[in-house]
Amino acid sequence: SSGINAELPLRPGEHLLRDIKDMTTGTLSQNLTTQVAALKSLSSKLRDISVYLGQVSEAKLPINHPIIYQLQDVFNLLPNLNIPEVAKAFTVKTNDQNLVMYTASIIRAVIALHSLINNKTTNRAAEKDIGVKPKVEVEKDEKKEKSTDCDSALIPLLR
């Protein structure tokens, strides 16, 4: 049994957006997780079918005609991928779908970052209107006070 497990690196600005969740849209990682689970399930079902057909061919199990008919229908509905045009059409369709998913993911990230920047500028403007200094400016003022205190303490010593 094999599996695909990966830790995706954080996208730019994702640490700022962790708490903001929109449950109506799926992320690329959620789509991949769903696809991996579906492939594992398909692999399990195909393994079960293979074991069943092997046991039937060895006469360990009796032939169950409804199951055989269902399997025949499934195999008849599968596309013939030995034809190059069909294989190319499937590849193109899959690539187009993945491109749309990837582009949508990038657009959502850019829009979220843009909203975050707008929110930050709005908050800074509101703080300036109220007269509250942003945290960075308060820290700079405290450093200036400390440096002027040290300078004033050193000036008499230098004279």
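Analyst: Begin with a definition: axes are lines fitted to C-alpha atoms, for helices over the stretch in contact, and angles run from 0 to 180 degrees between N-to-C directions. Note also that this is a predicted model.

User: What is the secondary structure of the chain?

Analyst: The chain has 5 helices and 0 strands, and along the sequence the pattern reads α-α-α-α-α. Of its 159 residues, 4% count as buried. Among contacts with a separation of 6 or more, 43% are between residues 24 or more positions apart.

User: At what angle do the axes of α2 and α3 cross?

Analyst: In general, two packed helices are described by the angle between their axes and the distance between the axes. Here helix α2 (residues 28-57) and helix α3 (residues 65-77) have axes that come within 12 Å and cross at roughly 130°. That angle makes α2 oblique to α3, because over 145 degrees would be needed for roughly antiparallel and 65 to 115 is the range for roughly perpendicular. The crossing of α2 and α3 is left-handed.

User: Which residues of α2 and α3 make the contact?

Analyst: From α2 come Ile-49, Tyr-52 and Leu-53, and from α3 come Ile-67, Ile-68 and Leu-71. By class, the residues of this contact are 6 nonpolar, with no polar and no charged.

User: How many salt bridges does a search of the whole structure find?

Analyst: The general idea is that side chains of opposite charge can pair when their charged atoms come close. The search of the whole structure finds 1 salt bridge. In that salt bridge the side chains of Lys-60 and Glu-58 meet at 3.1 Å, N to O. Both Lys-60 and Glu-58 are exposed.

User: Where does Ala-59 lie, and what is its phi?

Analyst: Ala-59 lies in the loop between α2 and α3. Its phi is near 65°, a positive value in a residue other than glycine. The relative accessible area of Ala-59 is 66%, so Ala-59 is exposed; the cut-off for exposed is over 50%.

User: How does Val-86 count at 27% relative accessibility?

Analyst: Val-86 counts as partly exposed because its relative accessibility is 27%, and buried would mean under 20%. The residue sits in helix α4 (residues 84-130).

User: With which residues is Val-86 in contact, leaving aside its neighbours within four places in sequence?

Analyst: With those neighbours set aside, Val-86 is in contact with Pro-79, Asn-80 and Leu-81.

Methods
Residues numbered from 1 in each chain as written. Predicted model: local features only at pLDDT ≥ 70, side-chain atom pairs only at ≥ 80, totals over all residues. Heavy atoms only, no water. Helix = DSSP H or I, 4+ residues; strand = E, 2+ residues; numbered from the N terminus. Parallel < 35°, antiparallel > 145°, perpendicular 65-115°, else oblique. Left-handed = near helix turned anticlockwise from the far one by under 90°. Contact = heavy atoms within 4.5 Å. Nonpolar A, V, L, I, M, F, W, Y, C, P; charged D, E, K, R; others polar. Buried < 20%, exposed > 50% of the residue type's maximum accessible area, 1.4 Å probe, protein only. Salt bridge = Lys/Arg side-chain N within 4 Å of Asp/Glu carboxyl O.
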